[in-house]
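Me: I am new to this structure. Please take me through one part of it closely.

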Amino acid sequence: MVPLPDELRLEGDRVVLRDWRDEDAPALAPVCGEWDVCAFSSVPWSYSEGAALAWIDRQRRKRAAGTVLALAIQTREEERALGNVNLASFSDDGREAAIGYWLAPAARGRGLATAATALLIDWGLGTFGLERVEFAILPGNLPSQRIAERLGAIPEGIREGSHRADDGRWWDMAIWSVRGSPRRPTSSAP
Ligand SMILES: CC(C)(COP(=O)(O)OP(=O)(O)OC[C@H]1O[C@@H](n2cnc3c(N)ncnc32)[C@H](O)[C@@H]1OP(=O)(O)O)[C@@H](O)C(=O)NCCC(=O)NCCS
């Protein structure tokens, strides 16, 4: 475990990342049951307010336990949670972590995931002192790989059978990483 901040709010040009709150429970509804989200995260397959509140509570517990730093993604204009971005799988020395993210379908295609991921990676490599942030992406997930590419991540190849989905199958992942100093999206700003 690593010491994670009790509270965190990160403000970027386009998005704000902030702690999950109980009133965000409905934000999980649009992704409950989506395979790309639920198979590799603890987001419930079926939505109920109770299941969503339990998920939010688990994020708090994992934060306190130093295992996952999950933040809700919102725009600067609106407090409504649109998605999640997290750092997890911290190495014992606290120098490495993996990043994960999802957005509600209605919020996709506007560059918000790229902006959110950039903001958390900047914080991780800067303030928090990580030296490497890893993306593990299903090889067919082209939008996610594009995000890694936009953030200047380096492709490290396929790690075979590295991630177990909650159906029990092991999946190959395309591994990308960013190291050292904070990265900004390349080319046009999202
Ligand atoms: C992955 C996810 C967060 C991307 O959200 P998004 O809003 O589309 O992300 P962004 O708009 O910030 O960036 C997506 C990039 O992929 C590109 N893209 C979208 N569809 C694509 C496709 N089929 N092929 C290649 N690139 C594609 C977009 O053009 C954009 O690149 P650009 O900024 O250079 O134009 C969203 O699809 C999601 O929540 N998926 C389910 C969960 C998931 O897969 N999480 C990642 C696990 S590793």
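Where does Asp-19 lie? And what does it touch?

Reply: This is a predicted model, where local features need pLDDT of at least 70, side-chain atom pairs count only at pLDDT 80 or more, and totals for chains, interfaces and linings use all residues. Residues are numbered from 1 along each chain as its sequence is written, and side-chain values use heavy atoms, leaving out hydrogens and water.

Asp-19 lies in the loop between β2 (15–18) and α1. Helices (H or I, at least four residues) and strands (E, at least two) are DSSP runs, numbered from the N terminus.

Setting aside residues up to four places away in sequence, Asp-19 touches Asp-6, Glu-7, Leu-8, Asp-24, Arg-63 and Leu-71 (heavy atoms within 4.5 Å). Take Arg-63. Its side chain makes a polar contact with that of Asp-19, at 2.7 Å. Such a contact is a pair of N or O atoms within 3.5 Å; within protein, one must be able to donate a hydrogen and the other to accept it, and residues adjacent in sequence count only if both atoms are side-chain atoms. Now Leu-8. Its backbone nitrogen lies 3.1 Å from a polar atom of the Asp-19 side chain.

α4 gives the most, with six residues. In total, 22 residues surround the ligand (a heavy atom within 4 Å). Asn-141 and Arg-146 are among the closest. The Asn-141 side chain has an N or O atom 2.7 Å from a ligand oxygen. The Arg-146 side chain also places an N or O atom 2.7 Å from an oxygen of the ligand.
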